[in-house]
Amino acid sequence: AALREGYERFDPRAYLHNNYLPPRADFSSEEFVVPWKLRCLAETFASGEIRGRTLIDVGSGPTIYQLLSACDHFEEIVATDYLAVNREELGRWARGDPGTFDWSPFIRHVCKIEGRGEPWQEKQRRLRQRLRRILPIDVHQPDPLGAPLHPKADAIVSAFCLEAVSPDRAAFARALAHVGSLLRPGGHALLLGALGESFYLAGDAALPVVPLGEDDVRAALRDAGFRLRDFRSYAMPPALRTGVDDVDGVFFVHAQK
């Protein structure tokens with residue numbers, strides 16, 4: 001209940017400003033956190049192994065960067081979020097409404113590291129075309145989308161969601177198991193998340209986060225029936241500790257159900 005009350009004050013634009021503009025979204029060096037996240041995703045999708053009909057983005061928030069490398073490998077992408085304000089923000093971007101957040105630096109960077117010489121506008125068009133649905137979700141429910149998913153998804157992506165909406169490690173582990181139920185056997189999960197973070201700011205909202213260590217993430221994946229394929233971590237440098245959170249680092253996981 002306390003988490004729900006806090007998220008009623010969530011400001012998507014403040015969140016985007018805090019995390020997806022410089023200094024954190026600095027593309028001049030791979031040492032910065034946003035290029036690191038984009039490279040993790042690009043390299044993992046480049047294998048060609050993660051593909052299929054449907055990918056679900058669990059807890060999209062107001063962001064689309066986590067889907068840029070995915071959109072080449074799935075017929076349909078389903079974005080989800082608990083908050084209507086985030087779903088509305090995503091809908092405005094998907095429609096190309098004026099005044100939405102400018103993701104073009106992210107799209108340009110992904111096109112650069114993927115190295116296919118694709119115009120960034122083409123990738124943007126393809127993601128908008130394949131982002132078919134934007135749905136409500138509650139990861140604390142056994143059926144996070146409100147009903148069992150048929151057919152189940154071929155892959156899920158989730159970035160900075162589960163630890164940010166869980167009051168403790170046990171709730172994080174349960175939420176991971178719940179979203180795992182959206183996947184078919186053999187399906188893939190790509191997760192980005194915070195390490196050692198206890199809060200973050202989004203406008204007037206100071207939102208609690210369950211502080212996770214790498215071992216916590218590994219144990220939760222194992223208990224939820226996942227086989228770990230890749231685990232990478234990033235230590236947040238002093239220059240990027242801007243006061244909008246107290247994050248120590250970021251993890252990236254590729255796991256398979």
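**Helix pair**

I looked up how α7 passes α8 and found a right-handed crossing. A crossing is right-handed if the near helix is turned clockwise from the far one by less than a right angle, and left-handed if anticlockwise. The model is a predicted one: local features need pLDDT of at least 70, side-chain atom pairs count only at pLDDT 80 or more, and totals for chains, interfaces and linings use all residues. Residues are numbered from 1 along each chain as its sequence is written, and side-chain values use heavy atoms, without hydrogens and water.

Helix α7 covers residues 169–180 and helix α8 residues 214–223. I count helices as DSSP runs (H or I, at least four residues), numbered from the N terminus. Their axes lie 9 Å apart, at an angle of about 40°. Axes are lines fitted to C-alpha atoms over the stretch in contact, and angles run from 0 to 180 degrees between N-to-C directions. α7 and α8 are therefore oblique to each other. Oblique is what remains after under 35 degrees (roughly parallel), over 145 (roughly antiparallel) and 65 to 115 (roughly perpendicular).

Next I checked the contact (heavy atoms within 4.5 Å). From α7, R169, F172, A173 and L176 meet D216, A220 and L221 of α8. By class, this contact has five nonpolar, no polar and two charged residues. Ala, Val, Leu, Ile, Met, Phe, Trp, Tyr, Cys and Pro count as nonpolar, Asp, Glu, Lys and Arg as charged, the others, Gly among them, as polar.

**Lining helices**

I then noted that α1 (2–7) gives the most to the lining of the largest pocket. Its share is four residues.

Note on methods
Helices (H or I, at least four residues) and strands (E, at least two) are DSSP runs, numbered from the N terminus.
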